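Here are my notes on the model you sent. They are set out as numbered points for checking against the coordinates.

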Amino acid sequence: MKDYSASLGNIDGGGEWYEQAAAFEEYCEGKTIDEITATEVDESGYAIGEDLTSSCTINLSAILEAVSKAQ
């Protein structure tokens, strides 16, 4: 995972899944559920906003779906 995320060029040195999940968690801190579920993702579920893609290249589809169900 680390090598793959590094090859994308978004995460300096790459990031393991748990590191990227922690980065998404940090991104969500202080946001409402509506703000989290409005996270911009492409048609495949990957973040497209620069503030998130620099630390998180994992697919967010299932995570965002779970957040929306938590309302």
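This is a predicted model: local features need pLDDT of at least 70, side-chain atom pairs count only at pLDDT 80 or more; totals for chains, interfaces and linings use all residues.

1. Thr 57 sits in the loop between helix H4 (50–53) and H5; helices here are DSSP runs of H or I with at least four residues, strands are E runs of at least two, and both are numbered from the N terminus. Thr 57 is buried, its relative accessible area being 12%. Buried means under 20% relative accessible area, exposed over 50%, and partly exposed in between, with a 1.4 Å probe and protein chains only.

2. Residues are numbered from 1 along each chain as its sequence is written, and side-chain values use heavy atoms, leaving out hydrogens and water.

3. The protein has 5 helices and 0 strands, in the order α-α-α-α-α from the N terminus. Its radius of gyration is 12 Å, close to the 11 Å of the globule rule for 71 residues, so the protein is as compact as a globular protein of that length. The radius is taken over C-alpha atoms, and the rule is 2.2 Å times the number of residues to the power 0.38. Along the principal axes, the C-alpha atoms fill a box of roughly 35 × 25 × 20 Å.

4. The largest nonpolar core has 11 residues, among them Phe 24, Ile 36, Leu 52 and Val 67. Such a core is a set of buried Ala, Val, Leu, Ile, Met, Phe, Trp, Tyr and Cys residues joined through side-chain atoms within 4.5 Å. Helix H2 (17–28) and helix H5 (61–69) each give two or more residues to this core, and the largest share, 3 residues, comes from H2.

5. Val 67 touches Ile 33, Ile 36 and Thr 37, leaving aside residues up to four places away in sequence; contact means heavy atoms within 4.5 Å. Of the contacts in the protein with a separation of 6 or more, 45% join residues 24 or more positions apart.

6. Buried residues make up 31% of the 71 residues. The accessible surface comes to about 4600 Å², 48% of it belonging to carbon and sulfur atoms; areas come from the Shrake-Rupley method with a 1.4 Å probe, and for residues only the protein chains shown count as cover.

7. Met 1 lies in the segment before helix H1 (2–8) and is partly exposed, at 41% relative accessible area.
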